[in-house]
Amino acid sequence: MKTLFRGITIAVCLLTASVAFGQTSISPYKPGLTGEGAVYFLPKTALRISVLVEKTTYTPGDLASYAQRYLRLTNVGLEPTVSHRVISVSQMAIGVADPTKCYTVKYNPATVAANVVLSDDGCLLAVNAEANRPTLPAPFQPAAKEEPVNPRLFMSEEILAAGSTAKMAELTAQEIYDIRENRSLLVKGQADFMPKDGEQLRLMLNQLEKQDRALTSMFQGVTTRDTTEHIITYIPDGPVNHHVLFRLSNQLGMVDADDLSGAPFYINIDDLTSLPPTDELALAKAKLKKSKTTEQGIYYIIPGRMRATIFQGVQPIQSTEHPCAQFGNVELLGGNLFNRRFTTHLWLSPVSGALEKLLPLPVEPEKKK
């Protein structure tokens, strides 16, 4: 029995070792430049969607239950609340590398297509030219907020020594009315101690306003608002209808698209008519007389066009049209465009892979008569 068990153990170990040594380490392929050529991607068009969400936090004051009695304030909440809402949605098209469109260009001594510029993720940007690299918008910066003021700093000794909350509320309300009366006398020029100049008057009025707001917050509560930016990168693979982009929870803010605690925001992608080639591109292709049998050259995209519409429920809130690489076709600029008769400069769109500029255009030699 021991011999059988030992044999089984050895067999398992040998099988495990053979599997381990038989495995092949596979690493993802990366494009780049070498001395012999370049491997590059063409881009896929993505949407960079910026969503500004405002969070509103309400904290009731210590004397909120007396707001109606002493200050005639209605609809004053007695419980803390938090709510969120979308205040702005914007979108822009960006380019990301499409791993299904990977191509190789080899340097040929007879050509001058040796200066190839790639983006950080390996997309072709330019040949024999300085690339126009895209820039993203600056991150959202919320406005500076005022430091919260402790209302107890403006309470008199009598208020702080009150024996009950009701008495404190009564004395605080009286202090608020005194502040407002003094401010009114200053504005009318009837105060006992009038300031000597306009700057001193402004400082006194600002101080009285600060005291009024701080003491009133004991009844009215404090409401703060914070705005945050959320960036969503959406890559359409085709037309879509009412696809859930994200959800917004009133309590939690932005949540995942599959989190049913939030109300849905949808996106529609419509495939529009493909963009026609530019006059420059048509002329270049006519001059080039590209051979259908050759595969040497630079690949680019004649993009289509898409319309992206974002909905809050059934209400559209934002719609923009963009060139779209996925809805277009891949074309080839033949290698004879880069022969030594010309120093051809080529620029591709980092967003759609389209041919943005081609200089100079090849010129056929005149035929002898």
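This report walks through a predicted protein model, from its overall build to a few of its side chains.

**The whole protein**

The protein is built with six helices and 13 strands. It has 369 residues, and 38% of them count as buried. Its accessible surface comes to about 22800 Å², and carbon and sulfur atoms account for 54% of that area. Among contacts between residues at least 6 apart in sequence, 72% join residues at least 24 apart.

**A buried glutamate**

Now pick out Glu54 in the structure above. Glu54 belongs to strand β2, which covers residues 37-59. Is Glu54 buried or exposed? Its relative accessibility is 11%, so Glu54 counts as buried, the cut-off being under 20%. Which residues does Glu54 touch, leaving aside those up to four places away in sequence? They are Ser83, His84, Arg85, Ile87, Arg225, Asp226 and Thr227.

**Aromatic rings**

A pair of aromatic rings is described by the distance of the centres and the angle of the planes. The structure holds four aromatic pairs.

Together with Tyr299, Tyr40 and Tyr103 form one aromatic cluster. In the other pair of the table, Tyr66 has a relative accessible area of 17%, so Tyr66 is buried as well.

Lys357 lies over the face of Trp347, at 5.4 Å from the ring centre.

**Cysteines**

A disulfide is a covalent bond between the sulfur atoms of two cysteines. How many disulfides does the structure hold? The number is zero. Two cysteines can still be described by their surroundings. Cys123 has 4% relative accessibility, so Cys123 counts as buried. Cys102 has a relative accessible area of 30%, which means that Cys102 is partly exposed.

How values were computed
Residues numbered from 1 in each chain as written. Predicted model: local features only at pLDDT ≥ 70, side-chain atom pairs only at ≥ 80, totals over all residues. Heavy atoms only, no water. Disulfide = S-S within 2.5 Å. Buried < 20%, exposed > 50% of the residue type's maximum accessible area, 1.4 Å probe, protein only. Helix = DSSP H or I, 4+ residues; strand = E, 2+ residues; numbered from the N terminus. Contact = heavy atoms within 4.5 Å. Areas by Shrake-Rupley, 256 points an atom, 1.4 Å probe, with all protein chains shown as cover. Phe/Tyr/Trp six-rings, centres within 6.5 Å; stacked < 30°, edge-to-face > 60°. Lys NZ or Arg CZ within 6 Å of the ring centre and 35° of its normal.
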